[in-house]
Amino acid sequence: MFRARHANREIMRNNFKINLFTDLKLFKGFNYRLNTSFYNVQKEDGQYKDKAYPNGGASGTLLNGNKEHFLIENIVNYRVPVKNRDHRLDLTLVQSWDQETQKEMEYSANNVPVDFDWNMLPDGNVTGIGRKYEERTLLSFIARAQYGLMDRYLLTAAWRRDGSSVFGPSNKCGDFLSLALAWRIKEESFLEEVNWLSNLKLRASYGQVGNQAIKPYKTLGATEGLGTEFGNVLETGYLPTKELSNPNLKWETTSSANFAVDFGVLENRLSGTVEYYHTTTTDLLVARSINNSLGYSTMYDNLGKTRTQGLEVSLNADVIRQEKLKWSVGVNFAKSKNKILKINDKVDENEKYPDDVNNRWFIGKPIDVYYDYQFDGIYQYEDFDKIVGDDGSIKYKLKKIYDTNGDGIPDKALERTDNVEPGFIKVKDINNDGVIDSDDRVVIKKTPITSLPFPVISTLKALTSTSIFIPYREPL
């Protein structure tokens, strides 16, 4: 409480957002839209500790930040005139420019003579000045064609080219394709008289998307400033950071195939979707540990290949469907499994891709795992020999359980680097060598891979309530 009374912090933010658009319909079937948006956040973060604050009073920090986001989109839609109304062809072209700029200035001082707040920091002794500047730009071009035959057979094809400033000069751009097919089976003549079936649709798609989720300047050699006092003058020098730059960074690419069935029965009182997906990701953008003999400990790189497969099932039922009262109940089931296929192109003497233990990447295992010792129960009194010293002190020594010479008589106890007693946690000796060491660590799944939420939606006139229950998580 004393520290809280003598310290103060205030954060102020001003947000401003504006969206503008215009539509031009130059001739039949043609539409041009210009979308523009601007988003600005101004932030001031002031912290101050008065002279009564223990070990560091009359000091503070002031941070001023500004973040701007510009987006400009040029969108052209054209419905191609076709005499035969059974056919429909829509064409879309998109060009977008997306830029985000972030600036921050931080100033800190101590021995402030006017012991009031951070606004008096310029009168104190400067202890640090920091500056942050980040800018990233994304330039995109998209072309898409949508074809429909009798509104029953549907085809969509798209091409996208993205260019990001966060990548190296030779890898800024990536091309991504997609194709989707759909068949409204319910519209077929052989199902016209099946009145209980309201909807039946098959869908299949294949597409690629890119990921640029890294901070700017990872391809450049960054430095950090270090302040040093020469007499009464604060000088700033610069040294490389602990992160090694990588000018060859490029887009991470995810390719996904999806197959789905949409259905509805009894005027869609009961409806649902069953969907299977198979996703492969290559050139993952990851921060990996490297040998620090050169002074660097991490580096961003494009590594590996992973695969994710999953099944999603959703069911929705309108239990009550009246003019004033609606009550819907749903259930969603999702199960997925991912694993690492390879880390790089290197193979071992058995022509297999090796694991990377330092980064906890294991071939055939999920991406996000623990690599630790396996729980094997709790030590009981019967696991120890009780030793009473001359002074009455009691020590516990693990019993011998290993037979090292094959005579059928245990002659060695489990070796651990720590002292254990009854009530301590056991860990499993995986390789059964009688020693608990790093070779006994195992891969343990971290994330749940199955979920089963139950959404319940109730509507009474203008009042709507939604409840979601998620009772299931697959054990590790």
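This report covers confidence, strand pairing, salt bridges and selected residues in a predicted model.

## Basis and confidence

The model is predicted: local features need pLDDT of at least 70, side-chain atom pairs count only at pLDDT 80 or more, and totals for chains, interfaces and linings use all residues. Residues are numbered from 1 along each chain as its sequence is written, and side-chain values use heavy atoms, with hydrogens and water left out.

pLDDT is the predictor's confidence in each residue, from 0 to 100. The protein has a mean pLDDT of 84. Of its residues, 93% reach 70 or more. Confidence is highest in strand 6, at 95. It is lowest in strand 26 (residues 463-469), at a mean of 50. Over residues 469-476, pLDDT stays under 50. The model has 21 contacts for that stretch beyond four places in sequence. A contact means heavy atoms within 4.5 Å.

Strands are DSSP runs (E, at least two residues), numbered from the N terminus. Two strands pair if DSSP finds at least two bridges between them. Strand 8 covers residues 197-211. Strand 7 and strand 8 run antiparallel, joined by seven bridges. Here L181 stands opposite A204 of strand 8.

Strand 8 also pairs with strand 12 (residues 252-265). That pairing is antiparallel too, over 14 bridges. N199 has G264 in strand 12 as its bridge partner.

## Salt bridges

Side chains of opposite charge can pair when their charged atoms come close. A salt bridge is a side-chain nitrogen of Lys or Arg within 4 Å of a carboxyl oxygen of Asp or Glu. The structure holds 16 of them. One of these joins R9 and D45 (2.6 Å, N to O). R9 lies in strand 1 (residues 7-24) and D45 in strand 2 (residues 30-49), so the pair ties together parts 36 residues apart in sequence. D45 counts as buried, at 7% relative accessibility. Buried means under 20% relative accessible area, exposed over 50%, and partly exposed in between (1.4 Å probe, protein chains only).

E188 and R152 form another salt bridge (3.3 Å, N to O). E188 sits in the loop between strand 7 (173-184) and strand 8, and R152 in the loop between strand 5 (125-149) and strand 6 (153-164), so this pair links parts 36 residues apart in sequence. Both E188 and R152 are buried. D175 and R161 also meet in a salt bridge (2.6 Å, N to O). D175 is in strand 7 and R161 in strand 6, so parts 14 residues apart in sequence are tied together. D175 is partly exposed at 39% relative accessibility. R161 is partly exposed as well, at 30%. Elsewhere, a network of salt bridges links R79, R88, D90, D151 and R184.

## A nonpolar patch and a buried serine

M150, Y153, W183, F190 and L202 make a nonpolar surface patch of about 450 Å². Patches are made of residues with over 30% relative accessible area and no salt bridge; like charges are joined within 9 Å, and nonpolar side chains (Val, Leu, Ile, Met, Phe, Trp, Tyr) within 5 Å. Areas come from the Shrake-Rupley method with a 1.4 Å probe; for residues, only the protein chains shown count as cover. L202 belongs to strand 8. L202 is partly exposed, with a relative accessible area of 33%.

S96 is in strand 4 (residues 87-110). S96 is buried, at 10% relative accessible area. Leaving out residues up to four places away in sequence, S96 touches I72, E73, L138, L139 and S140.

Methods: Helices (H or I, at least four residues) and strands (E, at least two) are DSSP runs, numbered from the N terminus.
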